[in-house]
Amino acid sequence: MKQRRFISVLAAGALCLSLLPTAAFAAESMDNFKVEREYPAGQFTDVVAGSWYAGSVEKAYELGLVEGTSKTTFSPTDPITVGSTLALACRLYSTYYDDNATFTGGSPWYQPYVDYAVAKGIITSGQFTDYNANATRRQFAAIMAKSLPSSALKSINTVEDGGIPDVASGSANSEDIYTLYRAGILTGSDKAGTFLPETTIDRASVSAILTRMAMPDQRQSITLKKSDVAATGITLNRNTLTLKAGETYQLTAALTPVNASTKVEWSVSNNVVSVTDDGKITANRGGACLVTATAGSVKAQCSVTVTEVEITRVRFSENSVEMTEGESRKLNVSLTPSDASPLSLDWTSDTPSVATVSEDGTVTAVGEGSAIITATAPNGRSDTCWVYVTGKVNAAVPVVGREYGPFNLTSYYSSGKVQDTWNITSFVVTSIEVPYRGSDRYTMSISIQGRTSYDSCWFDMYFYDGSGRVVGEATVIEDVTPNRDFNILAEVHVEKDILDNAVSMEFFSHDGDPANSGGSSSGGNQGGNTSGGNEGGSTETPDYDYPYDTYYGFEGIPSFDEFTSSSRTQMDYTEGKKAGYMYASATTAEFDSYRAALKECGFSESQVAGMYFYSKGTHGTNDYWEVRCGTTSSPYGEVSVMVSISHIKSTNEW
């Protein structure tokens with residue numbers, strides 16, 4: 001059996017101890033706690049067999065952790081001193097770490113233990129002044145919790161913060177006490193788990209705690225949940241207080257009973273001081289104020305007097321600031337003398353609809369325009385700062401930072417031959433900003449990468465509202481080198497109303513052909529179902545009140561190219577809400593067939609008859625007739641059809 005190099009400290013008067021260096025490479029383990037001797041039956045005459053503590057005394061004795069007060073007595077009801085508590089903690093620590101510590105020759109007897117405990121972090125230097133005083137249960141728990149590492153004190157129980165009736169969370173040593181409860185080492189003095197932290201602890205309780213510390217299988221199960229206990233009394237740490245303006249002080253409220261769960265509410269009688277939810281007060285300006293702590297039906301008050309230095313000069317660090325609607329920022333102000341408190345200033349805004357200001361000088365931009373912010377000292381000294389607010393960007397599309405693409409854009413000749421192509425590999429809107437106050441446009445900065453056969457990157461973006469109707473368009477046109485990769489930054493201006501009402505967007509070549517991105521005609525489509533410039537496409541609604549310079553196919557109305565022998569119809573735009581040009585190679589019979597199809601769609605005879613040969617001319621080598629039908633009503637709204645057809649089929653480029 002391993003012989004201990006130290007003896008029990010419960011017979012404190014016989015201790016003579018010293019401290020030796022810690023052995024290198026000590027083996028840290030709970031297995032280091034071993035039975036060292038037998039406990040003969042009737043060893044201590046005052047330990048009654050079957051008593052709640054008898055088993056703990058026996059095990060602690062066998063582990064060599066305790067001795068009797070004499071050969072035949074244990075004195076289970078006697079208290080234990082702070083010095084003896086430290087000796088027990090050092091014994092637990094040394095055994096766990098197997099550091100071969102030897103305690104001899106101390107004067108007073110507990111000094112080697114004090115030195116060891118400080119060196120190992122069990123206590124701090126000066127934490128205790130009277131080691132011969134009886135230890136309270138709070139002190140004992142605080143020391144024991146530091147005698148083993150946290151890994152040896154793992155939580156096995158549910159003990160909620162505030163669950164120990166007489167140990168409030170955040171009170172002295174509460175963390176150590178809760179650690180031992182959760183580890184199953186402490187269980188309290190009754191079914192409620194009451195700890196009695198300020199009472200002394202007897203030797204019987206000590207033996208039980210030591211046994212559970214050294215033998216994890218002896219640890220107890222307990223569940224303590226926080227219960228609602230009404231406060232019957234409340235006491236503040238200060239009843240009167242004098243502060244200078246700008247100073248702070250932490251008030252604390254103690255409830256009776258200590259396990260009361262009533263929430264403490266803090267309030268002030270005026271703005272001389274302010275108080276946080278946890279009782280921290282800040283002196284704002286000279287004067288007097290009552291700070292009240294209320295817990296249910298009980299309350300306590302602190303009378304606060306605030307003195308302040310007279311302000312002789314107020315100056316803003318900036319004469320004016322630029323802000324965006326919705327933005328907040330704190331204005332910086334300097335005071336003379338330098339120790340004057342800015343908390344005594346009154347802050348005002350002459351136009352709250354543009355900018356508001358809080359008591360600490362934080363300005364919030366509310367709407368577009370300008371406002372004057374004034375900071376005024378109690379004696380009338382003041383300064384002003386202009387705040388200029390620019391409206392915020394409300395655009396949902398395009399999404400800033402999102403990559404649209406890749407997509408392809410192509411324009412064609414009337415013959416169907418490709419005219420130009422734009423292969424856009426990346427399209428990213430890097431920012432959308434209001435360029436200046438009062439502007440009715442947004443400025444979009446766009447990073448575009450790609451390649452084109454043309455000498456410019458030229459295409460259109462159409463924007464749609466929630467009903468799928470076009471609310472406007474924007475054109476990108478930037479010079480590039482044909483047939484070479486380009487990486488450009490374009491700047492496009494778009495009316496605010498367009499982007500503010502748009503929910504989706506699509507891309508089209510400059511002559512109206514939709515983008516193609518792997519089977520999708522929308523390119524950058526974000527959910528709109530409108531087909532864009534594709535003749536014969538459809539929308540979700542027959543409401544065709546489209547803006548100027550746009551063309552859309554009408555639902556149910558056939559496109560002219562369905563009746564021609566041409567492979568393609570080329571679209572151009574004309575001024576007018578409902579109109580478009582159609583160029584195609586066609587015969588008179590094919591044109592008559594188209595008029596008949598319009599009649600089947602609901603156009604009247606007079607409306608179709610209104611389509612007539614308007615003029616004859618030449619374009620390149622081709623003769624053509626322009627046929628017009630004036631704006632007229634139809635089942636699909638007012639429609640204007642303008643058709644230019646050539647008598648001669650030709651593959652020549654227009």
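## Helices H2 and H3

Helix H2 (residues 82-97) and helix H3 (residues 111-120) cross at roughly 55 degrees, and their axes come within 9 Å. Axes are lines fitted to C-alpha atoms, for helices over the stretch in contact, with angles from 0 to 180 degrees between N-to-C directions. H2 is therefore oblique to H3 (angles under 35 degrees count as roughly parallel, over 145 as roughly antiparallel, 65 to 115 as roughly perpendicular and the rest as oblique).

The contact (heavy atoms within 4.5 Å) is made by Leu86, Ala87, Cys90, Tyr93 and Ser94 of H2 with Tyr113, Val114, Tyr116, Ala117 and Lys120 of H3. By class, this contact of H2 with H3 has eight nonpolar, one polar and one charged residues (Ala, Val, Leu, Ile, Met, Phe, Trp, Tyr, Cys and Pro count as nonpolar, Asp, Glu, Lys and Arg as charged, and the others, Gly among them, as polar).

## Basis of the model

The model is predicted: local features need pLDDT of at least 70, side-chain atom pairs count only at pLDDT 80 or more, and totals for chains, interfaces and linings use all residues. Residues are numbered from 1 along each chain as its sequence is written, and side-chain values use heavy atoms, with hydrogens and water left out.

## Helices H4 and H6

Helix H4 (residues 137-144) packs with helix H6 (residues 203-214) at an angle of about 20 degrees, the axes being 12 Å apart. H4 is therefore roughly parallel to H6. Arg137, Phe140 and Met144 of H4 make the contact with Ser205, Val206, Ile209, Leu210 and Met213 of H6. The classes in this contact of H4 with H6 are six nonpolar, one polar and one charged residues.

Terms used:
Helix = DSSP H or I, 4+ residues; strand = E, 2+ residues; numbered from the N terminus.
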